[in-house]
Amino acid sequence: MISIDLWVKEGYLSTPDGNSIYFWGFSEGEAAPAQLPGPRIICKQGEEVTVNLTNTLPEPVSLCFPGQTGVTVNGQPVQPQYVNGKLVSFTNHALIGETITYTFTAEYAGTFLYESGTNPHKQVLMGLYGGIVIHPADYDANMDKTAYGSDTDTAYDREYLLIVGEIDPDFHNAVKQGKPYSIKNYKPRYWTINGRCAPDTMLKNDIDYLPHQPYGSMIMCQPDEKVLIRYINAGVGSHPLHPHGNHTRVIALDGRLLRNGEFDRSYQRFTVSVNPGQTYDQIFQWKGLNYSSQNPIPTTIPNLRNMGIGDAGWTLWSGSPYLGEKADIPQSIQSLNEFGEYYFMLHSHSEPQLTNWGEFPGGLMTMIAIYSSLNENVGVL
Amino acid sequence: MAVVTKYLWGMKGTLLLTGRSIPFWGFSPVFFSVPQLPAPQIEAKTGDTVRIVLFNSFLNPSPIGESISILFPGQPDVMVREWPSGNFIFTEPQYSDGQLYSLTNDIATGGFAELKALEYSLIVNKPGVYLYESGTRSERQILMGMYGVIVVRPEGYDIPAHPDFKTAYGAGTMSEYDRENILILSEIDSNLNNQIDHGDDYDMSTYHPDCWLVNGRTFPATVEEPDQSSQPMGSIIRCNTGDKVLLRIVNAGFNAHTLQLGGLVAQLIAEDGVPLVHTGTDKSYQKTSVTLGAGQRVDLIITPTIPGEYYLFDREYHHLVNNDEFPGGMMTKLEVAAT
């Protein structure tokens with residue numbers, strides 16, 4: 001049995017263009033800051049999950065757990081809430097200053113969303129969402145790992161959770177100032193992965209200057225490893241995502257395995273349209289045309305002079321055609337390469353979403369880094 | 001193999017949405033009546049011949065004032081003739097001075113007393129829910145509301161003990177159900193509807209919906225009972241625990257919509273009228289919400305186990321408002337009673 005405290009609070013998000021955006025988020029307790037997305041709930045199939053929601057906002061807040069069966073409050077199934085006959089919440093809510101406890105049994109392995117069910121056009125867009133990862137009953141972090149249990153063909157070596165969303169700063173400002181806002185004119189200017197816009201998406205977890213955005217989204221692995229990428233779309237737009245130049249195998253949707261007995265319903269996609277409120281589990285394997293520490297990268301490498309990005313002239317390139325090796329980079333260019341690893345993007349194919357308030361590069365983009373050797377503790381949820 | 005005949009008048013009418021009166025164009029099943037949104041539902045069995053007689057101006061107090069037609073996406077070999085005694089020919093796109101103006105044969109305006117109609121004829125060979133919609137200046141006539149559905153049932157769906165009994169797609173398609181509800185999703189831009197209906201200049205590129213509909217109504221009207229208005233269909237879903245509830249979802253609008261199923265998990269059994277289970281292969285799958293692009297259809301089955309109320313809604317939360325106020329828009333309710 002696991003028990004989690006979620007406090008609903010206000011906070012400020014940082015964007016790479018220097019903006020600071022008021023938001024509502026979940027925090028791990030009274031002393032912890034609100035965060036986007038909310039704290040991850042990681043548990044095992046069959047476990048009982050208890051979530052204590054404490055509301056510090058000036059309006060009721062509730063939690064929905066789409067795809068979880070038998071969610072209860074005080075032993076009773078959750079039900080929509082009304083005030084004077086008007087629908088207020090899709091499930092039982094915590095009034096201002098109240099704490100409410102939700103309980104459910106994690107019946108199915110998979111990737112799920114949790115989000116507010118009260119004024120969702122406002123509260124979810126303001127940031128009240130998070131992810132749930134349920135490992136299968138036979139999961140053992142030290143043994144062969146699978147997403148949906150043995151005999152489901154879902155084995156993986158590393159796993160990453162990417163929760164995408166959008167931000168319309170005008171809307172956030174209006175909520176902050178208590179001013180009216182016409183929600184039909186909702187127009188995002190920022191697109192986020194795990195609450196951050198690129199290039200902040202590539203930073204590590206728990207960076208001290210991003211106290212409200214603790215989760216990085218850099219995907220790191222070795223060649224040929226099976227990487228489980230779990231997408232959740234907590235936003236209200238569709239986001240066509242893909243690892244640049246690569247396919248993934250979609251193994252589950254909304255936390256339900258794409259397999260009927262012997263019939264394997266999983267499929268390869270170059271781009272996965274990640275739709276609102278939905279989750280997509282995929283296995284990604286980078287084989288890279290034998291690019292390794294022994295074989296050079298089998299393409300013509302552009303002139304190094306052309307490999308700097310942006311005015312600052314930085315690059316992620318190692319300077320060497322061999323994986324795991326670093327070589328010379330022109331003096332004017334800063335290399336962010338660590339150990340001769342190879343980088344390529346994972347991004348939204350709706351390219352206007354690769355901006356921070358109109359400025360490229362930014363938005364819904366992160367990197368996949370292929371290391372010749374990588375600690376096994378990387379990519380564990 | 002029966003012949004199902006339906007008479008439809010293309011007509012101007014008025015919708016009551018989010019407390020406002022909004023003009024729309026639709027189809028009426030009888031003359032001197034009001035048009036409906038969605039258009040009258042047409043029911044047939046596989047193998048039936050469906051004949052639709054479309055009137056424009058004849059005995060029509062509120063004609064649309066322009067040429068109209070009906071297109072049947074997903075139905076091959078649609079034929080048409082001048083009603084009642086012309087020769088049937090295959091439908092084809094229509095041009096004026098070399099310019100395309102209709103995707104199928106149309107009926108022009110005429111006199112109030114001029115007995116003139118167009119008869120479409122099609123043999124519905126496959127079960128499923130099919131859209132029918134305007135094929136003439138569709139960018140504005142569909143936007144104005146000219147769409148509805150044809151429900152094609154398998155052969156023995158209403159014959160107890162027949163293997164098709166109470167199935168959506170016949171025996172062996174995992175489509176047995178206890179309750180059936182049709183949910184037609186769409187949206188309306190009230191400004192454009194006003195401009196087009198008034199004959200004002202308008203700009204399609206300004207299309208920006210402000211009403212999001214299930215079966216022609218916005219929440220909370222969606223959970224009210226059926227009536228005789230221009231928006232006759234409610235969409236509340238009622239069942240007992242353990243019932244197999246078949247939801248047949250059709251996106252008749254111009255935008256994609258993601259319908260969230262009250263936190264419940266559904267089994268998707270057909271996409272665009274094509275069953276996912278057939279000849280022993282089970283390609284059905286489970287979802288907590290489904291995304292439908294414009295014109296797409298999906299059939300799914302929910303089997304609720306816990307009594308109570310569940311809301312089904314567009315997961316694009318900014319569509320759950322009426323005049324910017326929650327709750328509203330594209331939302332309806334599932335009521336589950338204890339068995």
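Visitor: How many residues does the contact take from chain B and from chain A?

Guide: Two residues are in contact if their C-beta atoms, placed from the backbone, lie within 7 Å. The contact takes 32 residues from chain A and 29 residues from chain B. This is a predicted model, in which local features need pLDDT of at least 70 and side-chain atom pairs count only at pLDDT 80 or more, while totals for chains, interfaces and linings use all residues. Residues are numbered from 1 along each chain as its sequence is written, with chains lettered from A and ligands numbered from 1 in the order in which they are written.

Visitor: Which strands of chain B each supply at least two residues of the side that touches chain A?

Guide: Strands are DSSP runs of E with at least two residues, numbered from the N terminus. Those of chain B that qualify are β16 (257-261), β20 (281-282), β21 (285-287), β22 (289-292) and β24 (308-314).

Visitor: Where is B:Trp83 found, and which residues does B:Trp83 touch?

Guide: B:Trp83 belongs to strand β5 (residues 79-83) of chain B. Leaving aside residues up to four places away in sequence, B:Trp83 touches B:Val53, B:Ala117, B:Leu118 and B:Glu119. The C-alpha atom of B:Trp83 is separated by 9.9 Å from that of B:Ile52, 31 residues apart along the chain.

Visitor: What percentage of the residues of chain A count as buried?

Guide: Of its 381 residues, 46% count as buried.

Notes. A residue is buried if 20 or more other C-beta atoms lie within 10 Å of its own, exposed if 12 or fewer, and partly exposed in between; C-beta atoms are placed from the backbone. Helices (H or I, at least four residues) and strands (E, at least two) are DSSP runs, numbered from the N terminus.
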